[in-house]
Amino acid sequence: MLKKVAVLTFAAVMAVAASPLAAQDASPLTVRMVKLGADGQMESADQVNPGDAVRYLLVFANPTDGPLRSVVFDDPIPQGFVYTLGTATADPDSVLIEFSVDGGQTFTTEPTVDVRDEAGQLVRQPAPAAAYTHIRWTVQGELAQGASVTASFDATLGSGSPNTY
């Protein structure tokens with residue numbers, strides 16, 4: 001028996017709409033960005049200025065007539081933004097959240113970078129927020145017909161060179 005598979009890339013929402021998964025008029029993936037006020041409340045993101053915090057909300061609903069396996073949200077951190085460490089979430093909790101610091105080539109739950117210490121030796125350290133380039137959410141098991149997955153993360157619009165370390 002063949003299982004249906006969904007791989008979603010945030011930056012390519014239009015490709016999802018053209019895929020066999022989206023035979024209906026609307027894409028099964030919706031993406032929304034909201035601005036976070038000083039009190040953490042979500043506001044309209046009509047204009048975002050350097051230093052502003054935003055939340056990206058991604059929702060995938062299974063539009064097929066059966067369960068899907070291997071549903072993946074593969075999301076580059078938007079150009080100019082820096083991921084806010086510890087803010088990536090998923091509902092349901094069974095979704096695996098991983099991160100990339102190499103342009104989306106590899107993913108891990110705890111990214112690291114190599115830096116030189118005072119003696120000139122390479123030392124592996126937890127990656128700083130500016131090093132994060134992608135976030136991946138992987139649904140463990142099957143996503144039932146009509147079920148949905150909600151993912152989110154916060155980021156801040158920088159004023160300098162984004163996503164570099």
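## Salt bridges

A salt bridge is defined here as a side-chain nitrogen of Lys or Arg lying within 4 Å of a carboxyl oxygen of Asp or Glu. The model is a predicted one, in which local features need pLDDT of at least 70, side-chain atom pairs count only at pLDDT 80 or more, and totals for chains, interfaces and linings use all residues. Residues are numbered from 1 along each chain as its sequence is written, and side-chain values use heavy atoms, with hydrogens and water left out. By the salt-bridge rule, the count comes to 3.

One of these salt bridges joins the side chains of Asp-114 and Arg-124, with 3.0 Å from N to O. The pair links distant parts of the chain, 10 residues apart: Asp-114 belongs to strand β9 (residues 112-116) and Arg-124 to strand β10 (residues 122-126). Strands (E, at least two residues) and helices (H or I, at least four) are DSSP runs, numbered from the N terminus. Asp-114 has a relative accessible area of 42% and is therefore partly exposed, while Arg-124, at 58%, counts as exposed. For these words, buried means under 20% relative accessible area, exposed means over 50%, and partly exposed lies in between (1.4 Å probe, protein chains only).

Arg-55 is partly exposed because its relative accessibility is 23%; Asp-154 is buried because its value is 9%.

A further salt bridge is formed by the side chains of Arg-136 and Asp-74, at 3.3 Å from N to O. This pair, too, links distant parts of the chain: Arg-136 in strand β11 (residues 134-139) and Asp-74 in strand β5 (residues 68-76) are 62 residues apart. With a relative accessible area of 23%, Arg-136 is partly exposed, whereas Asp-74, with 16%, is buried. Arg-136 also lies over the face of Phe-107, at 3.8 Å from the ring centre. A charge sits over a ring if NZ of Lys or CZ of Arg is within 6 Å of the ring centre and within 35 degrees of the ring normal.

## Aromatic pairs and their cluster

A search of the whole structure finds 9 aromatic pairs. Rings of Phe, Tyr and Trp (its six-membered ring) form a pair if their centres lie within 6.5 Å; planes under 30 degrees apart are called stacked, those over 60 edge-to-face, and the rest tilted. Tyr-83 and Phe-99 form a tilted pair, with 5.5 Å from centre to centre and 40 degrees between the planes. Because Tyr-83 lies in strand β6 (residues 81-83) and Phe-99 in strand β8 (residues 95-100), the pair ties together parts that are 16 residues apart in sequence. Both Tyr-83 and Phe-99 are buried.

Phe-99 takes part in another pair, with Tyr-132: the ring centres are 5.3 Å apart and the planes stand at 70 degrees, so the pair is edge-to-face. Since Phe-99 is in strand β8 and Tyr-132 in the loop between β10 and β11, parts 33 residues apart in sequence are tied together. The relative accessibility is 10% for Phe-99, which counts as buried, and 7% for Tyr-132, also buried. Phe-99, Tyr-83 and Tyr-132 belong to one aromatic cluster, whose members also include Phe-73 and Trp-137.

## Buried residues and their contacts

Val-149 is found in strand β13 and is buried, with 0% relative accessibility. Val-149 and Leu-58 are 91 residues apart in sequence, and their C-alpha atoms are 8.1 Å apart in space. Leaving aside neighbours within four places in sequence, Val-149 is in contact with residues including Leu-58, Phe-60, Phe-73, Pro-92 and Val-139. Contact means heavy atoms within 4.5 Å.

Thr-138 lies in strand β11 and counts as buried, at 16% relative accessibility. With neighbours within four places in sequence again left aside, its contacts include Val-71, Val-72 and Val-95.

## Backbone features

Most residues other than glycine have a negative phi, and most peptide bonds are trans. The peptide bond from Asp-91 to Pro-92, however, is cis, with omega near 15 degrees. Pro-92 is placed in the loop between β7 (89-91) and β8. Ser-70, a residue other than glycine, has a positive phi, near 60 degrees. Ser-70 is in strand β5 and is partly exposed, at 38% relative accessibility.
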